[in-house]
Amino acid sequence: MEPVHTTVQDPRVDTMRARSVSLARRLLCGAGRAALVAYDLEPLVEARALCHGMSATGDLVVACLADDAVPTTTWADGALRVRLDIVKEAPESAVRITACAVHLLGTLEWLSAEDVHDYLADADLDPRLTELATMVGGRLGIVRSDRVLLHDSAGVTPLPFGEVAGLHPAGGARWGCRSFPDAEQEWNARDLVGGLSKNQLTGLVTAAAAGWEAGVKLSSRAEVTCSHTEGRVFCVDIDRTGLTLMAVTLGRASVHFLAFEEPADALDELADRLGQLVAVGSVQPTE
């Protein structure tokens with residue numbers, strides 16, 4: 001009789017998948033800086049003065065002011081093939097760290113002025129996006145794509161657009177434009193991390209490096225350091241799934257993800273999850 005082989009899924013695989021989806025969703029929902037280029041138009045000029053977000057029905061929406069110097073923003077003849085890039089920096093004031101980015105290829109279709117009002121009535125968009133779209137010269141467009149590429153310290157992760165947007169396979173939105181923390185809540189979330197001491201942050205990184213099951217090492221690379229970064233731990237990101245930290249020590253930058261036991265969907269829950277991480281991480285054996 002042949003032995004029966006069973007495959008046990010590493011629980012961290014599911015954790016990292018949830019993290020990737022959460023990161024990508026936050027970017028599509030309005031975090032970071034967006035740039036759009038229509039690669040069939042000449043001259044090939046990126047549109048960078050954009051607002052972006054997701055509607056209540058899972059549409060990826062962009063708004064801008066029409067600019068004759070940027071052909072993408074003045075196009076009025078059907079769908080355009082486009083590339084959309086959204087880059088997000090870490091919530092740190094002392095250093096600039098690129099936390100993550102999403103890239104996608106798809107089509108952009110600008111709504112006519114007559115259709116914008118009707119669309120906005122049910123879209124439940126960020127007020128800043130709505131304000132820009134309804135200014136004199138404002139435009140509102142929908143970007144459609146099948147796949148999103150997430151780039152971060154863990155590498156490149158391809159994700160179905162529907163999964164990121166929270167769409168049911170049969171159609172309709174499950175979460176729509178909701179993500180946590182959103183762009184306005186991010187610095188409040190960062191303030192919670194700022195309440196941790198240097199020793200607590202270092203302890204989390206040390207426990208993760210020693211094999212703590214809540215920790216995942218995302219990357220490590222040689223880094224030119226200076227006096228204000230050497231020996232410090234920086235917050236690369238914090239979201240509903242966990243905390244991402246970068247430690248700079250002896251000319252190397254290492255990035256670790258510390259996963260929460262349960263997702264957090266409000267600031268008080270986030271504070272509780274951070275407290276749990278610190279409490280459990282402090283009793284982990286070190287190398």
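I looked up Cys100 first: its bridge partner in S7 is Asp152. Helices (H or I, at least four residues) and strands (E, at least two) are DSSP runs, numbered from the N terminus. The model is predicted, so I note that local features need pLDDT of at least 70 and side-chain atom pairs pLDDT 80 or more, while totals for chains, interfaces and linings use all residues. Residues are numbered from 1 along each chain as its sequence is written, and side-chain values use heavy atoms, with hydrogens and water left out.

Next I checked the pairing, which DSSP gives with at least two bridges between two strands. S5 (residues 98-110) pairs with S7 in the antiparallel sense over four bridges. S7 also pairs with S8 (residues 155-160), antiparallel, over six bridges. Leu150 has Thr157 as its bridge partner in S8, and a hairpin of two residues joins S7 to S8.

I then looked at the faces of S7 (residues 147-152). Val148, Leu150 and Asp152 lie on the covered face, and Arg147, Leu149 and His151 on the uncovered one. In a regular strand the side chains alternate between the two faces of the sheet.

I looked up Val13, which sits in helix H1 (residues 11-28). Val13 counts as partly exposed because its relative accessibility is 45%; buried is under 20%, exposed over 50%, partly exposed in between (1.4 Å probe, protein chains only). Val13 and Met54 are 41 residues apart in sequence and 27 Å apart in space, C-alpha to C-alpha.

Last, Met246: leaving out residues up to four places away in sequence, Met246 touches (heavy atoms within 4.5 Å) Ile97, Arg232, Val233, Phe234, Val236, Ala253, Ser254 and Val255.
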